[in-house]
Amino acid sequence: MILERVRAGALAHPERLLVAAPDGQWSWAAVAAEVDRRVLDAAPLRGETVALQASATAAALLRLIELEARGARVVLLPPEMEPGREAEWMARLGSGPSQPGEVVLFSSGTTGVPKGALHSWDTLSARVHRSAGLDGSRWLLTFALSAFAGLQVVLHALDNGGALVLYHGTPAEGGRTGAEHGVTHLSATPTFYRFLLATSPPEVLASLRPVQITLGGEVADQGVLDALGRSFPQARLTHVYASTEAGAVFSVQDGRAGFPAAWLDSAATPLRIRDGELLVGRARGMKGYLGAHRADDGELLATGDLVEVVGDRVLFRGRRSERIHVGGAKVDPSEVERVLLEVPGVVAVRVSGAPSSLMGQLVRAEVLLAPDRTPAAMRLALRAHASERLRPQEVPRLWNFVDTFERTSSGKLVRRAT
Amino acid sequence: MEEREIILEALARVCDEKGLAPTALQDHTVLGASGLDFDSLDMATVVAELDGILGKDPFASQQASFHTVADFVELYRRATAS
């Protein structure tokens, strides 16, 4: 089904760019010819499970299209997986027959052990739309091919005669590569955009002219939405709420954080709140976890995301599992992060709980500063700002100023339980 | 640096953040309400920082009590590294 799209595109616009990557550039016709050749030369793989480590290369993308055409169940391993651990990851899946068109993704695992989630090309395509306005669009792939969001970008480009621009390295490198290839569509995490805006030279930002900017994978706060609006006034801003488990669920395009509270009462959207936690319908979600029982269709899925209705808006209040317990108080690390990000000179923040013999946990902040800022001056400024905006238990007590942050292949900050 | 100095520095850092003059720190200075007015969060902060630097926490295994700066330093002198 993917190869058919590539073949159709190769007939309609053979010379148009399909993929630009560190290992080469391919037109639609070249990709179609290469994959057709491989499919003809090799035996079908129906019933077989084949692993693919999803590096940001044209080679990995072509292999993915080939495996789908040959009928294999594809297990996409994240690019950061250490070499030699393939067997261990595959063993997590257990055994069992596979159906053609199945795709296994590992949940990004910002905490804990990644789980294999079973999708199909049909479920992955459920929210991919085709529109004349997207013809010839160019998409910067900031997510790994092994991430749900990464595959959404790939399928959007393939369905719309678009091009995929792949790169290795930092968000600034992504921005530079994107500007060079004239990308029209950016889809990335809020963390990616904060790094992009803070670390790109002004001439690169000025030469990036996206018409569409999509945020996903993490909660989009008002600060990052406003900053993107200022830097890219011509772009439409969309933030998507999605997860590996539930599939893409909804998107918001009014430039405001959260989503309209009216959606909770609408029969059209399976969104509910129970005990402060967002529940979503799984109708469009994945088929189930491998090695676990399959949930009934139509069941509401607990997302682990805590929400609060404020006026006409539902706002996100962090992950249930990431709550920090300071004395008797519950602290939402995302709220603390949001407040610290308001301080000029702060590029990225990760807030977590540090063990404390006296309080159970204390709030710790790891902070990445813009190059022209010094920790000595910023510590007091951050502390003062946090004290003004937060309850005493929420104010970070332990501060680490770091040079870099680990990000997952899908561009989220790695969150480690302490 | 001597353990005592490290402890005084950690206390001074919290004083600094609370807007108190660090010169107020003497052996007989009371840490609680009748002195520097350190609350439980302030003390937990000092203890967590010192655990990171000295590798010991007198509050980890037992109920430890103190009144003055000198008492607090003494708790650390008696505690063994974890």
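I looked up where the second largest pocket lies. Domain 1 (2-310) and domain 2 (323-401) of chain A both give residues to its lining, so the pocket lies between them. Those bounds come from an automatic or database domain assignment.

I noted the ground rules. The model is predicted, and local features need pLDDT of at least 70, side-chain atom pairs 80 or more, while totals for chains, interfaces and linings use all residues. Residues are numbered from 1 along each chain, chains are lettered from A, and side-chain values use heavy atoms, without hydrogens and water.

I then checked the volume. Of its 26 lining residues, A:Asp221, A:Gly223, A:Val224, A:Ala227 and A:Leu341 are the closest to the centre.

Which element gives the largest share of this lining? I found α10(A), with six residues. Helices are DSSP runs of H or I, at least four residues, and strands are runs of E, at least two. The lining has 15 nonpolar, five polar and six charged residues, with Gly counted as polar.

Last, I looked at A:Ala163, in strand β8 (residues 163-165) of chain A. A:Ala163 counts as buried because its relative accessibility is 2%, and buried means under 20% with a 1.4 Å probe, protein chains only. Beyond four places in sequence, A:Ala163 has contacts (heavy atoms within 4.5 Å) including A:Leu17, A:Trp139 and A:Ala157.

Definitions and conventions: 1 Å grid on protein atoms, 1.4 Å probe; cavity = no way out; pocket = protein on both sides within 12 Å on 5 of 7 lines; lining within 4 Å. Buried < 20%, exposed > 50% of the residue type's maximum accessible area, 1.4 Å probe, protein only.
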